[in-house]
Amino acid sequence: QVQLVESGGGLVQAGGSLRLSCALSGSIFSINAVGWHRQAPGKQRELVATITSGGATNYADSVKGRFTISRDNAKNTLYLQMNSLKPEDTGLYYCAKYLAGSKWIADYWGQGIQVTVSS
């Protein structure tokens, strides 16, 4: 059974930084494309960043230059380093494992973790 568990969220002031982690179990992490999505109150869930098994990355325009996605295959863990945080980055952040060969279609999700950026 595949499980994804996020950690590292919290409350931070605008301009601050947070690092999210996502531990994956029940699947061979190194062969999977994985990524982060977020959902702000009253809005649809949106893609934030993705990383393929080969390490190629993709970012939403709103976070380019501020967020960095990375993975440690030895630890089966995905990371999202978030710098220069803005109040509009507030939301529930979810890590996802994507279907092989798909364009960021998730077959498994984490439970979500809250990130709140105060102004």
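Visitor: Where is the place of W104?

Guide: W104 sits in the loop between β9 (91–98) and β10 (106–109), where strands are DSSP runs of E with at least two residues, numbered from the N terminus. This is a predicted model, in which local features need pLDDT of at least 70, side-chain atom pairs count only at pLDDT 80 or more, and totals for chains, interfaces and linings use all residues. Residues are numbered from 1 along each chain as its sequence is written, and side-chain values use heavy atoms, with hydrogens and water left out.

Visitor: And what about the phi of W104?

Guide: W104 has a positive phi of about 65°, although it is not a glycine.

Visitor: Is W104 buried or partly exposed?

Guide: W104 counts as partly exposed because its relative accessible area is 22%; buried means under 20%, exposed over 50%, and partly exposed in between, with a 1.4 Å probe and protein chains only.

Visitor: Switching to N76, what is its phi, roughly?

Guide: N76, which is not a glycine, has a positive phi of about 50°, and this residue lies in the loop between β7 (67–72) and β8 (77–82). At 29% relative accessibility, N76 is partly exposed.

Visitor: Now N32, buried or exposed?

Guide: N32 is buried, at 9% relative accessibility, and lies in the loop between β3 (18–25) and β4 (34–39).

Visitor: Which residues does N32 touch?

Guide: Not counting residues up to four places away in sequence, N32 touches S27, I51, T52, S53, R71 and K97, a contact being heavy atoms within 4.5 Å.

Visitor: What does the side chain of N32 reach at 2.8 Å?

Guide: The side chain of N32 reaches the backbone oxygen of I28 at that distance, 2.8 Å.

Conventions. Helices (H or I, at least four residues) and strands (E, at least two) are DSSP runs, numbered from the N terminus. A polar contact is a pair of N or O atoms within 3.5 Å; within protein, one must be able to donate a hydrogen and the other to accept it, and residues adjacent in sequence count only if both atoms are side-chain atoms.
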